Amino acid sequence: MDTIYSINGPVVKVKDTKDFSMLEMVYVGYKRLIGEVIAITGEYTTIQVYEVTTGLTVGEPVYPTGSPMCATLGPGIISNIFDGIERPLKQIEKVSGVFINEGANVPALDTERLFKVKMAVQVGDRLKGGDVYAACQETPVIMHYCMLSPLLSGEVVWVKNDGHYNINEVVCRIKNGKGEIINLNLTQKWPIRQARPVMDRMQISRPLITGQRIIDTILPIAKGGTAAIPGGFGTGKTMTQHQLAKWCDADIIVYIGCGERGNEMTQVLEEFSELIDPKTNRPLTDRTVLIANTSNMPVAAREASIYTGITLAEYYRDMGYHIAIMADSTSRWAEALREISGRLEEMPAEEGFPAYLPSRLSEFYERAGYMRTLNGRHGSVTIIGAVSPQGSDFSEPVTQNTKRFVRCFWTLDKSLAYARHYPAINWSTSYSEYLDDLTDYYNTNAGPDFLRYRQEITNILLEESKLMDIVKLIGADVLPDDQKLVIEIARVVRVGFLQQNAYHKDDTYVPLGKQKLMMKTILHFYEKAKKALSEGVLISDIINSGMIEKIIRIKYDIPNDRPDLFDEYLSEIDEVHDKLISEVKEVEAV
Amino acid sequence: MIIKHLGLSEVNGPLIVLDKVTDASYDEIAEIHLNDGTERTGRVVEIFGDKVVLQVFEGTKGLSLTNTRTKFTGQPMLLPLSEELLGRVFNGAGKPVDGLGDIFPQKFADINGKPLNPVSRTYPRNYIRTGISSIDCLMTLIRGQKLPIFSGSGLSHNKLAVQIVRQAKIAEESGQEFAVVFAAMGVKNDVADYFKRSFAESGVQQKVVMFMNLSNDPIIERILTPRCALTAAEYLAYERNMHILVIMTDMTSYCEALREFSSSKNEIPGRKGYPGYLYSDLASLYERAGVVEGSDGSVTQIPILTMPNDDITHPIPDLTGYITEGQIVLDRNLDQTGIYPPISVLPSLSRLMKDGIGEGYTREDHSAVANQLFAAYAKVVDARSLASVIGEEELSDIDKAYMQFGVQFEKHFLAQSFDEDRTIEETLDLGWDLLALLPKSELDRIDEDLLAQHYDPKNAKRFMD
């Protein structure tokens with residue numbers, strides 16, 4: 001029997017043993033706390049414990065399990081809320097009350113619930129890893145396909161009839177190449193730190209439509225892509241992630257609350273169960289999985305929560321779904337790494353973070369992608385990770401290393417947030433590398449004008465930022481009228497287009513079509529105003545015409561389902577300017 | 001049989017090391033009896049084979065390798081709890097220091113608490129009226145929230161905290177009991193006295209539990225102080241259904257104590273020498289605020305911290321800001337211009353306010369007014385920085401209007417006297433009156449209906465002279 005030799009916070013050591021393998025899951029102490037082997041030397045085996053170690057004594061036993069930390073995959077995952085090591089928090093509440101006690105070992109998935117299972121194979125079928133052998137309706141919007149573990153293959157020798165079964169019911173038996181019979185129930189296990197295999201990686205070509213104008217139009221993200229949202233506290237990282245989770249067109253959302261606030265998870269739970277998804281007419285929770293490891297929960301489980309989340313996502317991807325992962329926040333995960341690394345007395349690199357931080361980050365982000373799965377379906381995992389830079393300083397290690405492994409970088413800006421401009425994504429310091437990959441999609445689905453408008457809008461913003469440098473020195477009054485117009489138009493773009501109100505029923509989600517028409521209207525106004533200026537109209541008359549304020553309010557005034565109303569605006573813009581020009585002509589004539 | 005271990009093998013700062021111990025468990029409490037008859041308390045912080053590292057709460061002064069007998073209690077640090085806590089004063093380790101003797105406990109609880117299951121939380125929605133315009137309107141305090149005050153040395157954070165306690169008490173209407181748990185960590189004697197006196201003067205003394213670790217008290221005790229306070233708060237809130245406001249001052253001293261302790265343990269430091277687990281450690285305190293299912297009580301926290309060198313990016317305010325649900329930032333310039341409370345509006349924020357204001361809570365126009373005031377004040381700052389370059393005379397008319405708005409906003413909205421208790425209606429109407437200083441076209445955060453209802457340039461007249 002192996003026993004505890006030393007205890008330091010969540011790190012426990014066992015002396016002189018050869019019973020453990022690297023990354024093996026173990027039970028520690030009489031309370032059977034869950035732990036994982038993280039280092040093995042000749043003398044000591046080091047274990048990180050996923051629970052509070054208070055009360056643990058030297059000499060208590062450590063039990064090996066023989067397998068790595070695994071996630072249990074099967075029906076019952078969706079709509080559930082788990083902690084960092086896939087323990088269902090609602091069940092934990094039942095056994096230990098409002099506070100989480102250590103050693104609360106409950107099965108990950110509900111073993112009593114019956115699913116209406118439809119078998120997809122017959123005796124004699126040959127199955128390879130990833131093939132579907134049964135299906136059941138997991139929630140009203142998600143069909144769950146039970147797939148053969150990627151490690152197995154064989155011939156079906158026995159199949160149960162369709163019927164109502166719980167997850168542990170054996171529904172199928174296969175005989176593998178060695179002639180061994182393997183029982184299959186509705187679940188499988190998969191080690192969380194290992195990416196699930198796929199047939200191949202496909203080219204990225206479809207955007208993840210979010211209904212957020214600054215993202216869809218200016219800084220798009222692709223299905224199967226990666227994005228980071230760095231921002232100091234109070235700049236709206238969580239808010240942005242909530243908006244994306246609510247509105248993006250992924251089939252399933254995996255929301256990982258990693259080391260963040262407990263109340264935020266409560267909010268997600270509440271809001272998502274109340275919010276009706278317009279696509280399915282069902283509450284959002286029907287297609288959402290929550291992983292909650294709040295900041296006061298044990299730190300080692302925080303480190304694992306990211307892997308648990310992505311493993312669940314990959315599992316559903318293998319069924320052919322598109323998954324979006326919201327990881328809030330990856331900085332807390334990096335800090336958990338640092339904390340454990342410190343306890344192991346490893347040599348620190350930058351700011352105390354371990355030297356393997358970049359490789360861990362890239363391992364995580366590289367699990368995103370648009371894939372052809374083992375069973376030939378197409379599915380994707382998109383990762384959107386929030387980063388909380390220390391001291392709002394984007395040069396710190398987590399932000400900088402993340403930047404190297406993501407292709408969308410949405411920086412949140414303090415001064416925008418202070419002015420309550422949300423989403424506070426700074427358009428000049430953010431970037432998206434997906435524009436080229438998505439050009440075809442936009443041209444086909446949003447029309448060839450879309451990207452042209454986008455370019456013109458970004459040009460206006462760019463020009464404004466140049467002009468603002470001058471304005472800051474000498475004031476706006478001295479600028480010539482055409483430059484004043486640029487500043488006015490840029491204000492329209494910023495306030496009327498980029499700024500979006502998450503609490504407004506129409507503005508919270510805006511379809512691509514309306515985004516395009518809004519751009520069109522703004523640019524049309526710009527053209528007309530430029531022309532009017534060249535005809536001698538004063539900029540003050542254009543500003544006083546009230547048209548600017550009207551365009552800014554388009555986001556509220558035109559409902560999402562009434563694109564026809566834009567024509568009225570376009571013709572009104574024409575009328576207003578024609579009137580201004582004719583007035584000038586009249587004066588000149590006099 | 002209870003074993004007493006004779007002597008020590010090492011003394012290092014607040015830590016002592018014992019050899020040949022086999023019965024110690026992690027995090028448990030040990031009693032250290034000195035030969036002179038006094039007793040100290042220690043906690044197991046590391047076990048390595050038969051070697052045990054203990055931190056001594058009262059400090060290691062006077063300990064030698066031979067003059068002690070140590071007894072392990074087999075228990076983590078427990079705090080005796082009962083309703084008698086109210087009105088009492090304890091030291092940082094939870095021992096009574098007001099001369100009224102021990103309390104008769106109804107239960108004992110581990111001061112480290114247990115993590116609250118996120119699914120057992122109730123999302124906080126009830127707002128607490130503080131009677132302070134800037135807080136009520138712009139960064140509304142919600143019951144169950146943790147909203148720190150980021151201050152600097154010499155600013156009026158203590159006064160503000162007292163005003164909040166006093167006025168929040170008055171606004172209490174639900175019939176439930178209200179109490180304050182006060183944790184002083186490394187504060188000066190004068191400051192501790194100020195709080196005591198203020199609580200007595202406003203008649204809340206019998207509803208206050210005080211945990212006092214003054215600046216000359218041992219630092220290890222300082223690490224326990226907020227934990228004792230929060231354990232008491234959780235007990236009163238969740239088991240006695242009271243609304244508890246926890247004031248913790250000064251979190252900076254707490255973090256410094258943690259750093260001192262960490263370096264004496266030879267831990268690898270993170271930023272500015274603070275331990276790498278500072279975030280987790282602070283979270284284990286701040287996350288103990290909230291409202292839980294099945295209880296009518298709540299724990300609301302107002303931690304106060306003085307930003308070293310007024311630097312908001314310093315690790316302490318920075319990590320705090322990432323955990324807490326907003327912050328109230330005090331500003332030295334405003335303070336010097338004689339504005340009390342000197343709340344710096346733009347960086348201040350309450351994350352929970354959006355769900356606790358508006359119709360049914362405060363007033364339907366609340367969120368629009370708050371947003372517009374924020375946006376307008378942001379423009380004031382821009383206009384001021386421009387004016388400092390080109391002079392006020394050269395500003396455009398709009399910018400001049402903003403300059404005027406800025407001055408009046410600070411004078412009438414931010415500034416209020418220590419005993420002025422404004423209702424939410426007064427505050428919001430005042431906000432509208434100030435917004436009336438600006439042309440209607442500038443109010444792009446408010447929809448037409450509300451503007452038609454509340455916007456009237458005539459209301460701004462009173463600010464003109």
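Two residues are in contact if their C-beta atoms, placed from the backbone, lie within 7 Å. By that rule, 60 residues of chain B are in contact with 62 residues of chain A. This is a predicted model, in which local features need pLDDT of at least 70 and side-chain atom pairs count only at pLDDT 80 or more, while totals for chains, interfaces and linings use all residues. Residues are numbered from 1 along each chain as its sequence is written, and chains are lettered from A and ligands numbered from 1 in the order in which they are written.

**Where chain B touches chain A**

- At least two residues each come from S5, H6, H7, strand S19 (343-350) and helix H10 (366-390) of chain B on the side that touches chain A; helices (H or I, at least four residues) and strands (E, at least two) are DSSP runs, numbered from the N terminus.
- H10(B) gives the most to this side of chain B, with 7 residues.
- By class, the side of chain B that touches chain A has 30 nonpolar, 16 polar and 14 charged residues. Here Ala, Val, Leu, Ile, Met, Phe, Trp, Tyr, Cys and Pro count as nonpolar, Asp, Glu, Lys and Arg as charged, and the others, Gly among them, as polar.

**Helix H6 of chain B**

- H6(B) is mostly covered, with 9 of its 9 residues buried; a residue is buried if 20 or more other C-beta atoms lie within 10 Å of its own, exposed if 12 or fewer, and partly exposed in between, with C-beta atoms placed from the backbone.
- The buried residues of H6(B) include B:Ser280, B:Asp281, B:Ser284 and B:Leu285.
- On the chain A side, the buried residues of H6(B) pack against helix H5 (299-318) and helix H6 (330-343) of chain A. Within chain B, their partners are helix H4 (219-239), helix H5 (251-264), strand S17 (298-306) and H7.

**How H6 and H7 of chain B cross**

- The axes of H6 (residues 278-286) and H7 (residues 315-323) of chain B come within 10 Å and cross at roughly 50 degrees. Axes are lines fitted to C-alpha atoms, for helices over the stretch in contact, and angles run from 0 to 180 degrees between N-to-C directions.
- H6(B) and H7(B) are therefore oblique to each other; angles under 35 degrees count as roughly parallel, over 145 as roughly antiparallel, 65 to 115 as roughly perpendicular and the rest as oblique.
- H6(B) contributes B:Leu278, B:Tyr279, B:Leu282, B:Ala283 and B:Tyr286 to the contact, and H7(B) contributes B:Pro315, B:Leu319, B:Thr320 and B:Ile323.
- By class, this helix contact has 8 nonpolar, 1 polar and no charged residues.

**Domains of chain B**

- Chain B is divided into domain 1 (4-75), domain 2 (79-355) and domain 3 (366-463), with bounds from an automatic or database domain assignment.
- The centres of domain 1 and domain 2 of chain B, taken over C-alpha atoms, are 31 Å apart. Their contact takes 11 residues from domain 1 and 9 residues from domain 2.
- On the domain 1 side of that contact, strand S5 (39-48) and strand S6 (51-56) of chain B are the elements that give two or more residues.

**Chain A and one of its residues**

- Chain A has 17 helices and 28 strands, and of its 590 residues, 53% count as buried.
- A:Ile209 is found in the loop between strand S18 (200-201) and helix H2 (213-218) of chain A. A:Ile209 counts as buried because it has 21 C-beta neighbours inside 10 Å.
- Leaving aside neighbours within four places in sequence, A:Ile209 is in contact with A:Asp216, A:Cys248, A:Asp249 and A:Leu512.
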